Amino acid sequence: MSADPAAVAESTRVQQAVVESVAPQFRHNPYDSYEILRATGPFVPGPHGTHLVTRHAEAQAILIDPRWSHAEEPELLHGDSDVELPGSFLWMEPPDHTRLRGLVGKAFTSRTVTSLQARAEHLVEDLLTAILAEREVDLLETLAYPVPLTLICEMLGVPAEAHAQVRAMSAGIARGLDPDVLLSPEELAARTAAVHEFTEFFGDLVEQRRENPQPDVITALVQAEEAGVRLTHTELIGTLLILVVAGHETSVNLIGNGVLALIREPGEFRRLRDDPDLAGPAVDEVLRYDAPVHLTTRTARAEITVGERTFAPGDAVIVLLGSANRDPAAFPDADRFDLGRYLPGQRAERHLSFGLGLHYCLGAPLARLEMRTVLRALGARVTDLGLLAEPSYRPNVVVRGMSELRVRVEGR
Ligand code: HEM
């Protein structure tokens, strides 16, 4: 009996969408493949026996359920490289997760972060003044990178002259956050080198702070280490690593994606210029519309039923956050960029761009502050924004974003 050609074509289309949803060469637009996957079902067989979680309801159910672990990464994710990304609580579960997250949590609460408002405004104003003087710039280099990199480095206590070096090391590590199977031997080697360099660089800073304490996060961690068994040296470096890498590689993409969306939807940019108070809700719409982190993984620690499917212990899923955020079942007109979607009273469904549950993004208040400040300044000072070239994308799958965003900027 020969197979039904229509069924074969459909299955090929879905297979292709699975590949494209996690392939480096499709980073400019993963959304078309997400649409095919969502239409196929809430769970679609993915690479290496995993399931891709395509829809909002199932993604949310998995993220809030602590029986799904982020510690027991399946082999395919970080299996065969010769370097562990050391001791970061992103990949731990309680009690270690609770202990380590608790040590840095205070530094990143909304209240603490609010004290950075004036610094963030000053920084953005200066950068924008330089951009407006030049008028044709790569916005990633001139705005999207410097804002979060400067703020996280200042919070941690990295001296200004070392910010560029920190950025270079983080870039190597950020690509390395992708599942190992997606990385070439050269990229794995670059990650190993970047992690070694990071460990050495921050090891030196830690020693300096031990001798000469400062009011910064590195000193706070050193003091916690000295106080006894609260964290080991590896955990200290691992905590700094996740704060540095998660603390700016993601926000860079938020700023870049937001500016790109405003260029592509000039009506929305006009709305922002007319109403500066849209800046706050607009942050959430940018997060939803073009997520800076596209996927995360979880492994079942028990038999767990989600919707109509039951997973066995050890089963692994790839939660497609970027797809869940465009699920029409959760968001009316999901592919539309609408700055008013998260205005108070709109009762919009929450996006999953910061994750959910135990591992909910620690830096969400900082990322929001950065983006709000950028949007307010753009709305107040920029009169015209245009693309000089189609943007190019980095190959990164997890922390997805552009490598260049050349724009023309007019304003005062
Ligand atoms: C966790 C996204 C900015 C630090 C996460 C997770 C997501 C995320 C999706 C959860 C991952 C998972 O559940 O597997 C983002 C986005 C950002 C951003 C989209 C910017 C737009 C930041 C910043 C910091 C930060 C500025 C700086 C401190 C962290 C940390 C975790 C985390 C430490 C791990 C939390 C835990 O495991 O308990 N982030 N992040 N992030 N993020 Fe962010």
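Biologist: Where should I start with the ligand, and how many residues surround it?

Modeller: Begin with the shell of residues around the ligand. In this predicted model, 27 residues surround the ligand, and the closest are H97, R101, T296, H359 and C361.

Biologist: What kind of space does the ligand take?

Modeller: The ligand takes the space of the largest cavity. The elements giving two or more residues to the shell are α5 (96-105), α13 (233-264), β5 (295-300) and α17 (364-381).

Biologist: Which element gives the most to that shell?

Modeller: Helix α13 does, with 6 residues.

Biologist: How do the shell residues divide into nonpolar, polar and charged?

Modeller: There are 15 nonpolar, 10 polar and 2 charged residues in the shell around the ligand.

Biologist: Which side chains have polar atoms by the ligand's oxygen atoms?

Modeller: Take them one at a time. H97 has a polar side-chain atom 2.6 Å from an oxygen atom of the ligand. For H359, a polar side-chain atom is likewise 2.6 Å from a ligand oxygen. In R298, an N or O atom of the side chain is 2.7 Å from an oxygen atom of the ligand.

Biologist: Now the salt bridges. What is the general idea, and how many does the structure hold?

Modeller: Side chains of opposite charge can pair when their charged atoms come close. The structure holds 24 salt bridges.

Biologist: Which residue does E268 pair with, and why can the two meet?

Modeller: E268 meets R271 in a salt bridge, at 3.0 Å from N to O. The two are 3 residues apart in helix α14 (residues 266-274), so about one helical turn separates them.

Biologist: What about R288 and its partner: how far apart are their closest N and O atoms?

Modeller: R288 forms a salt bridge with E285, and their closest N and O atoms are 2.9 Å apart. Both residues belong to helix α15 (residues 279-289), where a gap of 3 residues puts about one helical turn between them. R288 and E285 are both buried.

Biologist: Which residues are linked in a network of salt bridges?

Modeller: R135, D384, R408 and E410 are linked that way.

Biologist: Last, where is A164, and is it buried or exposed?

Modeller: A164 is placed in helix α10 (residues 163-175). Its relative accessible area is 58%, so A164 is exposed.

Biologist: How far apart are A164 and V8 in sequence and in space?

Modeller: They are 156 residues apart in sequence, and their C-alpha atoms are 51 Å apart in space.

Notes. Residues are numbered from 1 along each chain as its sequence is written. This is a predicted model: local features need pLDDT of at least 70, side-chain atom pairs count only at pLDDT 80 or more; totals for chains, interfaces and linings use all residues. Side-chain values use heavy atoms; hydrogens and water are left out. A residue is near a molecule or strand if one of its heavy atoms lies within 4 Å of it. A polar contact is a pair of N or O atoms within 3.5 Å; within protein, one must be able to donate a hydrogen and the other to accept it, and residues adjacent in sequence count only if both atoms are side-chain atoms. On a 1 Å grid over the protein atoms alone, a cavity is a set of points where a 1.4 Å probe fits but cannot get out, and a pocket is an open set with protein on both sides within 12 Å along at least five of seven lines; lining residues have an atom within 4 Å of a point. A molecule sits in a cavity or pocket if more than half of its atoms lie within 2 Å of its grid points. Helices (H or I, at least four residues) and strands (E, at least two) are DSSP runs, numbered from the N terminus. Ala, Val, Leu, Ile, Met, Phe, Trp, Tyr, Cys and Pro count as nonpolar, Asp, Glu, Lys and Arg as charged, and the others, Gly among them, as polar. A salt bridge is a side-chain nitrogen of Lys or Arg within 4 Å of a carboxyl oxygen of Asp or Glu. Buried means under 20% relative accessible area, exposed over 50%, partly exposed in between (1.4 Å probe, protein chains only).
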